[in-house]
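Have the model open while you read.

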Amino acid sequence: MHGSHFVSTNPRVDRGAATRYRRVFMSARSVRPTLASAAALAALLAASLPLHAAGIGAIDGTVEDARGRAIPGAAVTLVAKRGGQSLARTDDAGFYRIPAQRSATEYILRVEADGFGPVAYDGLQVMAGRTRRFDVRLKRPGERDVVVLLSRDPYPFDDLLRGLLQGLDAPARTFDLDTVPDPGEVVRRVEAERPNLILASGLNAARLVRREVRDIPAVLSLLGDPRLYDLESANLSFVTTNPAPDDLMRRVRQFLPGARRLGLLFDARASTLVARDLRHAAREQGFDVVTRPCYEPEKIGPALADLDGKVDVLVVPFDPLSLSPSALEDITHWSLSRRVALVGPGPEWARRGALFSYGPTPETIGRDLSYLAMQMLSEGRQPEGQARLIGPGGAILTVNQTTALALGVEIPGGLSIDATY
């Protein structure tokens, strides 16, 4: 199967041509026999022209249903905007080929099959001397499907994808945008096929969805703080990567009722608004707050040194800084050596010595996404207003009993603790 750059079974995406596709609505009329005969004859005559002839290319691909099964007998029509068209029909494997087309011309590719909604792509170009791969998915009326778009900037998506696919009860195609030469072309093609829902992970994927997708509901995640970017649109919702600040600070106060000085160490580029919200919530709990923004992991050491003797507890949010390879080791070592209670963003922090961690993992965010996706698919609508910014529902509370004993901290009763070390 072509397109090995996809994470799972996906339509094969051509690796070139950053053309923009605009969906064209079509009637479901059948192709007239006379037109089909003329187009077939033209294609047969054109097939004798070599592809290396000046300005000549070809197009082929497959037509599949929402679950990736071949659709035999689908009509694929390539209409030149300057006049003329070619017709092909898919074989038993869903494959079609339209040879010998001029590369300087813009085309509309129309695909229709009995029992399926038609699809069209406007602005398609053929590449001179090459056969362009262009695969198409069709849906039956009333059928639901989901497209997952992934990028790693900066959060890894592997665990999120695992959690997402475990709970998603709908056909899903997954595209790794980091591995294709033109991610925008992939998103435009997805938009033209009109899936019921798009789930996007990572800032690059989110920005492409914001730019290319106008009215298909989409949920974006693993962005850090989506408020920092120009991503607002009526069709977009967001699952955040940090728990509600008030909820987190209540837990800090429960564990440390006598603490007064709280430090915040955070990514200076990605978490300024998160830090602002945490600072406000901490003050509501009676803490004096000291903030230390860091622009790069190499500055963590000096920032921690500047906190010596100034804080009783240190809080680190889930952001690009806390994901850096050195952050976990440097921060936990500092907190243990200074006997400062550390609150980390995920279970691994508690395992390595933080007093406790409270927040989602990428896998639990994936499960949140699947739950939200199924709600949206069943209700057929997008969350409204403030509900578009959705906090993670799968925050995990993990406690390190050894650290608690060393610090003389009594673990409060009545808490639902997910794991202990």
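## Overall picture

Of the protein's 421 residues, 55% come out as buried, meaning under 20% relative accessible area with a 1.4 Å probe and protein chains only. This is a predicted model, where local features need pLDDT of at least 70 and side-chain atom pairs count only at pLDDT 80 or more, while totals for chains, interfaces and linings use all residues. Residues are numbered from 1 along each chain as its sequence is written, and side-chain values use heavy atoms, with hydrogens and water left out.

- Take the contacts (heavy atoms within 4.5 Å) between residues at least 6 apart in sequence: 69% of them join residues at least 24 apart.
- The accessible surface is about 18,300 Å², and 50% of that belongs to carbon and sulfur atoms, using the Shrake-Rupley method with a 1.4 Å probe.

- An open sheet with mixed pairing runs in the order 16-15-17-18-19-21-22; two strands pair if DSSP finds at least two bridges between them.
- Strand 16 (288-294) and strand 22 (419-420) are the edges, each with a single partner strand, so one side of each has no neighbour in the sheet.
- Strands 15 and 16 pair in the parallel sense over seven bridges, and one of the bridge pairs is Asp267 with Cys294 of strand 16.
- Strand 18 (residues 341-344) and strand 19 (residues 356-359) also run parallel, joined by two bridges; here Val343 has Phe356 as its bridge partner.

**Helices on the sheet**
- Helix 5 (residues 245-255) lies across strands 15, 17, 18, 19 and 21, at about 160 degrees to strand 19; axes are lines fitted to C-alpha atoms, for helices over the stretch in contact, and angles run from 0 to 180 degrees between N-to-C directions.
- Helix 9 (residues 325-338) lies across strands 15, 17 and 18, at about 155 degrees to strand 18.

**The largest nonpolar core**
- This core has 29 residues, and Met249, Val252, Leu256, Leu262 and Phe356 touch the most other members; a nonpolar core is a set of buried Ala, Val, Leu, Ile, Met, Phe, Trp, Tyr and Cys residues joined through side-chain atoms within 4.5 Å.
- Helix 6 gives the most to this core, with five residues.
- Not counting residues up to four places away in sequence, Leu262 touches residues including Met249, Val252, Ala282 and Phe287.

Technical notes. Helix = DSSP H or I, 4+ residues; strand = E, 2+ residues; numbered from the N terminus. Buried < 20%, exposed > 50% of the residue type's maximum accessible area, 1.4 Å probe, protein only.
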